[in-house]
Each structure stands twice: as structure tokens, then as C-alpha cells.
Amino acid sequence: MKKVALFDFDGTITNKDTIIFLVFELLKLKPLRLFLITKTLFKILFLNKNDSIQDHKNEILFILLKNLSNEQIEKALKKYTQKIKKLHRPLILDAFKRLKNEDVIILVVTASPDFAVKKALEQFNVEVIGTKFEVTDNKFTGKLNSLNCYDNEKINRIKLWKDSKKTDINLSIK
């Protein structure tokens with residue numbers, strides 16, 4: 001029976017939310033899109049308690065990603081990865097090494113975009129479940145591919161992940 005270690009990304013593996021670093025790198029690809037996201041940035045800054053910050057973050061990413069290909073964002077993702085390396089918590093990285101040596105599956109479950117977190121953590125050989133953005137004909141559409149991987153949806157995704165595995169995994173989620 002395989003053991004699984006679950007981690008969140010922003011605020012757990014890193015010491016703060018990394019979405020702003022991704023936004024800055026994506027803005028460099030299409031700087032004029034800044035005007036399209038300004039209203040949403042203000043919503044985040046002056047957020048009313050009934051609004052979801054995560055939904056507003058995704059709204060910004062929809063605008064910045066729309067009609068870009070995976071190849072176009074690759075450079076932005078490399079820069080994003082370099083910038084957030086300094087935010088990695090050394091104790092977590094040490095835990096990754098120890099867990100890998102013990103043959104434990106490391107599963108990162110995050111509300112952040114899965115493509116960005118996979119790139120940021122590719123050197124650690126971890127599995128990532130995150131918010132999926134729709135891609136059609138190799139271009140981002142500006143929509144989610146599924147529900148935002150946030151709150152109860154994280155639990156649903158973990159259960160789906162477990163069910164998709166061929167090995168026996170003991171994972172109790174309540």
C-alpha cells in the first residue's frame with residue numbers, strides 16, 4: 001500500500017501567494033491587457049466579504065491567457081519559476097527529499113493554475129492537482145476546464161485522483 005503526502009502550494013510550499021508573480025510575467029507578453037484587468041485588481045484590493053478572491057484571480061488569468069499558446073507562455077513560466085524559487089520553504093523541500101526516499105507519493109493540491117505549479121515544481125517529481133484552464137487548438141480560451149480547485153473541490157479532486165490510481169492507496173478523507 002502506497003503512502004501519500006498532501007501539500008498545498010501557496011502559503012505552504014511557498015511562504016506567500018505566488019499568483020502576482022505569474023500575473024506580472026503574463027503581462028509582459030501582452031502589456032496592453034493591463035487595462036483589461038485593472039477593474040478586477042481593484043475588486044481584489046477592496047474586496048467585499050461576499051466576493052471570492054480566487055474567482056477574481058481566475059478572472060485576471062482568463063484575460064491574460066486568452067488566445068495564448070502553451071509555447072507562448074513557456075518563457076513567462078520559466079521566469080515565474082525562477083522568481084518564486086526564493087519563496088520555497090526549505091523545510092518543505094527537505095521533506096520532499098525525505099518522502100521521496102521513503103517512496104511516498106507527494107501530491108500537491110492547489111487552487112493555483114495546474115500548469116504553473118507543475119512547471120514550478122517539475123524538479124521535485126511531484127504530482128499536481130490544480131485549477132485547470134481550458135485549451136482548445138493549443139490556445140487558452142480564457143475559461144476554466146473544470147471547477148476551480150478550491151475549498152470542497154479539492155477534496156473531490158483528491159478522491160478522483162485516488163480512484164484513477166492503479167496501486168492500492170490508503171487515503172482517508174473526511
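Biologist: At what angle do the axes of helix α3 and helix α4 cross in this predicted model?

Modeller: Helix α3 covers residues 34-45 and helix α4 residues 53-65; helices here are DSSP runs of H or I with at least four residues, strands are runs of E with at least two, and both are numbered from the N terminus. Axes are lines fitted to C-alpha atoms, for helices over the stretch in contact, and angles run from 0 to 180 degrees between N-to-C directions. The two axes come within 10 Å and cross at roughly 165°.

Biologist: What pLDDT do local features need?

Modeller: Residues are numbered from 1 along each chain as its sequence is written, and side-chain values use heavy atoms, without hydrogens and water. In this predicted model, totals for chains, interfaces and linings use all residues, side-chain atom pairs count only at pLDDT 80 or more, and local features need pLDDT of at least 70.

Biologist: Are α3 and α4 roughly parallel or roughly antiparallel?

Modeller: Angles under 35 degrees count as roughly parallel, over 145 as roughly antiparallel, 65 to 115 as roughly perpendicular and the rest as oblique. The axes of α3 and α4 cross at roughly 165°. That makes the pair roughly antiparallel.

Biologist: How many nonpolar residues does the contact of α3 with α4 have?

Modeller: Contact means heavy atoms within 4.5 Å. Among the residues involved are Leu 36 and Ile 37 of α3 and His 56 and Glu 59 of α4. Ala, Val, Leu, Ile, Met, Phe, Trp, Tyr, Cys and Pro count as nonpolar, Asp, Glu, Lys and Arg as charged, and the others, Gly among them, as polar. By class there are two polar and three charged residues, and the number of nonpolar ones is eight.

Biologist: How many charged residues are in the contact of α2 with α4?

Modeller: Helix α2 (residues 19-29) packs against α4 at an angle of about 20°, with the axes 10 Å apart, and the two are therefore roughly parallel. The contact includes Leu 22 and Val 23 of α2 and Lys 57 and Ile 60 of α4. Nine residues are nonpolar and none is polar, and the count of charged ones is one.

Biologist: Which strands stand at the edges of the three-stranded sheet?

Modeller: The sheet is open, with parallel pairing in the order β1-β2-β3; two strands pair if DSSP finds at least two bridges between them. Two of the strands have a single partner each, so one side of each is left without a neighbour in the sheet. These are β1 (4-7) and β3 (127-131).
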